[in-house]
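Please consult the sequence and the coordinates alongside the points below.

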Amino acid sequence: MAVFRKPDSNITKETNNVGVFIGAFLLGPLFFGIIGEWGHFFLNLILNLTIGLALWFIFMGWIVPLIYAFFSIPIVNGKWKRKGWIRED
């Protein structure tokens, strides 16, 4: 788990890496829409509707969400860094 602290106060946020991974894998673009990462929402949606849908015909459609789920942890951590929060690990 990564812990982020707001620089001007003692407010902290913890990101649950396992929860992020599972959420990105199971919910796909909906997960990124919920957390407010709209660029990744649209990118994940496009990848799932093109490559993922084509792969479902050979029963391999789960590969696209799985690969994107591995990248979801740095995406969520980068979101907090872009907002100016400081990582305390």
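A polar atom of the Ser72 side chain lies 2.5 Å from the backbone oxygen of Ala69. The model in which this contact occurs is predicted. Ser72 belongs to helix α4 and, with a relative accessible area of 0%, is buried.

**Surroundings of Ser72**

- Leaving aside residues up to four places away in sequence, Ser72 is in contact with Val20, Phe21, Ala24 and Phe32.
- Ser72 and Phe21 are 51 residues apart along the chain, yet their C-alpha atoms are separated by 6.4 Å.
- Two of the residues that Ser72 touches, Val20 and Ala24, are also among the buried residues of helix α1.

**Helix α1**

- Helix α1 spans residues 17-27, and its buried residues are Val20, Gly23 and Ala24.
- These buried residues line one face of α1, because their directions fall within an arc of 95 degrees when the helix is seen down its axis.
- An α-helix has 3.6 residues a turn, so residues three or four places apart point the same way.
- The cover over the buried residues of α1 includes α2 (29-35) and α4 (63-82).
- On the face of α1 turned away from the buried side, Val18 and Leu26 are exposed.
- The N-terminal end of α1 is capped by Asn16, which places a side-chain oxygen 3.3 Å from the backbone nitrogen of Val18.
- Just after α1, Gly28 adopts a positive phi of about 60 degrees.

**Salt bridges**

- There are two salt bridges in the structure.
- One of them joins Glu88 and Arg5, with an N to O distance of 2.6 Å.
- This pair connects distant parts of the chain, 83 residues apart: Glu88 is in the segment after β3 (86-87), and Arg5 is in strand β1 (residues 2-5).
- Glu88 counts as partly exposed, because its relative accessibility is 40%.
- Arg5 also counts as partly exposed, at 24% relative accessibility.
- Arg82 and Glu37 form a salt bridge in which the closest N and O atoms are 2.7 Å apart.
- This pair, too, links distant parts of the chain, 45 residues apart: Arg82 is in helix α4, whereas Glu37 is in the loop between α2 and α3 (38-56).

**Surroundings of Glu37**

- Which residues does Glu37 touch, not counting residues up to four places away in sequence? They are Phe32, Ile75, Lys79 and Arg82.

- Three strands make up an open sheet in the order β2-β1-β3, with antiparallel pairing.
- β2 (12-15) and β3 are the edge strands; each has a single partner strand, so one side of each is left without a neighbour in the sheet.
- The antiparallel pairing of β1 and β3 extends over two bridges.
- Phe4 stands opposite Arg87, a residue of β3.
- Arg5, one partner in the salt bridge with Glu88, is located in strand β1.

Key:
Residues are numbered from 1 along each chain as its sequence is written. This is a predicted model: local features need pLDDT of at least 70, side-chain atom pairs count only at pLDDT 80 or more; totals for chains, interfaces and linings use all residues. Side-chain values use heavy atoms; hydrogens and water are left out. Buried means under 20% relative accessible area, exposed over 50%, partly exposed in between (1.4 Å probe, protein chains only). Helices (H or I, at least four residues) and strands (E, at least two) are DSSP runs, numbered from the N terminus. The arc is that of the directions from the helix axis to the C-beta atoms. Contact means heavy atoms within 4.5 Å. A polar contact is a pair of N or O atoms within 3.5 Å; within protein, one must be able to donate a hydrogen and the other to accept it, and residues adjacent in sequence count only if both atoms are side-chain atoms. A salt bridge is a side-chain nitrogen of Lys or Arg within 4 Å of a carboxyl oxygen of Asp or Glu. Two strands pair if DSSP finds at least two bridges between them.
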